[in-house]
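Open your viewer and get ready to click around. We'll go stop by stop, with something to select at each one.

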Amino acid sequence: MKKVLIVAALLLCAAVPAFSSVTDTMLNVGLTGSTSELTLFNNSEFDAKFDIEASADFAMIFDNGPGFDVSITTNFQSDIELGAFYAHKIDVRNSNLGILLSVGPTFNLGGNFAMGIDAMCDLLIDLTSSVYVDLGVGLQMDVFEIVNDKIDTSFNMTIPLPSVGIGVKF
């Protein structure tokens, strides 16, 4: 399953530029810190916890706006999460700022298999013409999880505190 997802992401990266003009290709590496978690429909609890996760994103933006973003995230234990997102970049005029909005499915491939939907907003601050700082916030929703061969459909919503990353534009 992992190999199929990786091959599909690589084919998407190679095929899409043939059909439109790529204006930004970005690689971003960063950390996500504390998160707040709200569990709905299960026991409606609010739980603040501290996690540190490392993530890497690869984004391609076409015609100064729409594009896609592929991400991989790990919490340094057994969890590996892959995400495939529709992305839209908004350039703030006459400044060194940009906003990257993204929404799409995520798949937890380490430990228990899970699927979710993320909606994120990243503020991109250009340090140079090719290096930027990424500050991100958003909403991460878990739709289902397979635990001991049974599907758990409790809805979990996580609101991560700002993630911080550094990126390079090609």
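Select β7 and strand β8 (residues 114-126): the two pair antiparallel over twelve bridges. Strands here are DSSP runs of E of at least two residues, helices are runs of H or I of at least four, and both are numbered from the N terminus. Two strands pair if DSSP finds at least two bridges between them. Click Pro105, and you'll find its bridge partner, Ile117, in β8. Now look at the hairpin of β7 and β8, with five residues between the strands, where Gly111 takes a positive phi near 70°.

A quick word on what you're looking at: this is a predicted model, in which local features need pLDDT of at least 70 and side-chain atom pairs count only at pLDDT 80 or more, while totals for chains, interfaces and linings use all residues. Residues are numbered from 1 along each chain as its sequence is written, and side-chain values use heavy atoms, with hydrogens and water left out.

**Next stop: back to β6**

Nine bridges join β6 to strand β7 (residues 97-108), and the two run antiparallel. Which residue of β7 stands opposite His88? That's Leu101. β6 and β7 also make a hairpin with five residues between them, and Asn94 in the turn has a positive phi of about 55°.

Val70 has Ala84 in β6 as its bridge partner. In the hairpin of β5 and β6, five residues sit between the strands, and Phe76 takes a positive phi near 70°.

Then highlight strand β4 (residues 53-62) beside strand β5 (residues 66-74): here you get antiparallel pairing over eight bridges. Ala56 stands opposite Ile72 in β5. The hairpin of β4 and β5 has three residues between the strands, with Asp63 at a positive phi near 50°.

**Two buried aspartates**

Stay in strand β5 and click Asp69. Asp69 is buried but has no salt bridge, and the nearest side chain of opposite charge, Lys89, is 12 Å away. Buried means under 20% relative accessible area, exposed means over 50%, and partly exposed is in between (1.4 Å probe, protein chains only). A salt bridge puts a side-chain nitrogen of Lys or Arg within 4 Å of a carboxyl oxygen of Asp or Glu. For charge, Lys and Arg count as positive and Asp and Glu as negative, with His and the chain ends not counted.

What is Asp69 in contact with, leaving aside its neighbours within four places in sequence? The list is Asp57, Phe58, Ala59, Gly83, Ala84, Phe85 and Ala87. Contact means heavy atoms within 4.5 Å.

Now jump to Asp122 in strand β8. Asp122 is also buried without a salt bridge, and its nearest side chain of opposite charge is Lys89, 12 Å away. Leaving aside neighbours within four places in sequence, Asp122 has contacts that include Gly98, Ile99, Asp134 and Leu135.

**Salt bridges to click**

Side chains of opposite charge can pair when their charged atoms come close. How many salt bridges does the structure hold? There are two.

For one of them, select Lys89 and Asp91: their closest N and O atoms are 3.4 Å apart. Lys89 counts as buried because its relative accessibility is 6%, while Asp91, at 46%, is partly exposed.

For the other, select Lys169 and Asp126, with the closest N and O atoms 3.1 Å apart. Lys169 lies in strand β12 (residues 163-169) and Asp126 in strand β8, so this pair ties together parts that are 43 residues apart in sequence. Lys169 is buried at 15% relative accessible area, and Asp126 is partly exposed at 22%.

**Last stop: zoom out**

Of its 170 residues, 34% count as buried. The accessible surface of the chain comes to about 9800 Å², with 65% of that belonging to carbon and sulfur atoms. Accessible areas come from the Shrake-Rupley method with a 1.4 Å probe, and for residues only the protein chains shown count as cover.
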